[in-house]
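Me: I have a model open and want to go through its geometry. Can we take it step by step?

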Amino acid sequence: MVNAGIPTADLSPFFSEEGDEGGKKKAIEIIGKACSDLGFFQVVNHGVPVELMAKALGRSKEFFGYPLDRKLEASPQPGAPLPAGYGRQPPHSPDKNEFFLMFPPDSTLNVFPSNPQGFSCVLKELFSSFVKTASIVESIINDCLGLPPNFLSEYNNDRKWDLMSTFRYPCASEVENIGVREHKDVNCITFVFQDEVGGLELKTDVDQWIPITPDQTTLVVNVGDVVQVLSNDRYKSASHRVVRQAGRERHSFAFFYNIGGDKWVEPLPHFSTDIDEAPKYRGFLYKDYLQLRLRNKTHPPSRPQDIINISYYSTST
């Protein structure tokens, strides 16, 4: 199924040993234009086993169906930089969901529940599959931007900060239906798949919301703030949200392809000083921006205009 307005790229040529250069070129063209125009696209034949995606959703739904005290057995470790394990949005947050978050499979920060049986194994396998697919998409974006070969993979060479989350969104009420308010992702590239309920929506340049139709075989991909800054706005980090439905819970997975927290982020010379174009952002440490964005969730500002986003580092403000 192809989402109206959301380009679809076939990644099978990148997994083939037959050297389908024509197929690769077509995918690169689709993804490059999508990153420039929308910041969103979807991929098929992406390397993440469809059966594994279905199994992960099933185990996730089973986990979130447990009583709260059982889920809290997988609460994050004290002092963890991010809440790896089970969590819920603060009661005062406009976002309404619960989640289970994990770092890379070998991270000592992970806290896995003992049940449902096999849940942790499925999560670890899914995470590893996502990393492989993300590295391919990163390479494609590298080529789309005209950067030297392997530039982005060498810049983004610390996989310890990658994250994966599974979410449960409760049914909408009569007075509110937002699951996650409008936002842009802080990281490099995000991958999402959702159950048949759907709810993910993309905001266009003319302030229209496009529903992303769920499909069991596709991954939805969006560019994050890091890529927007590195490309000096050549590629866009698009606004999106999750809308809940009445009478139906929503379940989804998201994989966040990150950079290391100590990595310096600023417009690359290729898109600024080398071509006599002014940088549109001040440089920053990724972990500093990440903490500011996390505070949006833990201490939501009373005024929407006080929410921190990438414009905080804009050179025009």
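Reply: Start with Asp207, which counts as exposed because its relative accessibility is 56%. Keep in mind that this is a predicted model.

Me: Where does Asp207 lie?
Reply: Asp207 has a phi near 60°, positive although the residue is not glycine. Most residues other than glycine have a negative phi. Asp207 sits in the loop between β8 (200-203) and β9 (209-211).

Me: Is Asn150 buried, partly exposed or exposed?
Reply: Asn150 is in the loop between α4 and α5 (151-155). Its phi is near 65°, again a positive value in a residue other than glycine. Buried means under 20% relative accessible area and exposed over 50%. Asn150 has 48% relative accessibility, so Asn150 counts as partly exposed.

Me: Is the peptide bond from Asn115 to Pro116 cis or trans?
Reply: Pro116 belongs to the loop between β4 (98-102) and α4. Most peptide bonds are trans. From Asn115 to Pro116, omega is near 5°, and the bond is cis.

Me: How do α1 and α4 lie relative to each other, roughly parallel or roughly perpendicular?
Reply: Helix α1 covers residues 21-37 and helix α4 residues 119-144. Their axes are 9 Å apart, at an angle of about 75°. That makes α1 and α4 roughly perpendicular.

Me: Which residues of α4 make the contact with α1?
Reply: The contact residues of the two helices divide into six nonpolar, one polar and one charged. Helix α1 brings Ile28, Ile31, Gly32 and Cys35. Helix α4 brings Ile140, Ile141, Asp143 and Cys144.

Me: What is the radius of gyration of the protein chain?
Reply: The chain holds seven helices and 14 strands. For 317 residues the globule rule gives 20 Å. The chain comes close to that, so it is as compact as a globular protein of that length, with a radius of gyration of 19 Å.

Me: What share of the 317 residues is buried?
Reply: The protein chain exposes about 14,700 Å², with carbon and sulfur atoms supplying 52% of it. Buried residues make up 50%.

Terms used:
Residues numbered from 1 in each chain as written. Predicted model: local features only at pLDDT ≥ 70, side-chain atom pairs only at ≥ 80, totals over all residues. Heavy atoms only, no water. Axes fitted to C-alpha atoms, helices over the stretch in contact; angles between N-to-C directions. Helix = DSSP H or I, 4+ residues; strand = E, 2+ residues; numbered from the N terminus. Parallel < 35°, antiparallel > 145°, perpendicular 65-115°, else oblique. Contact = heavy atoms within 4.5 Å. Nonpolar A, V, L, I, M, F, W, Y, C, P; charged D, E, K, R; others polar. Rg over C-alpha atoms; globule rule 2.2 N^0.38 Å. Buried < 20%, exposed > 50% of the residue type's maximum accessible area, 1.4 Å probe, protein only. Areas by Shrake-Rupley, 256 points an atom, 1.4 Å probe, with all protein chains shown as cover.
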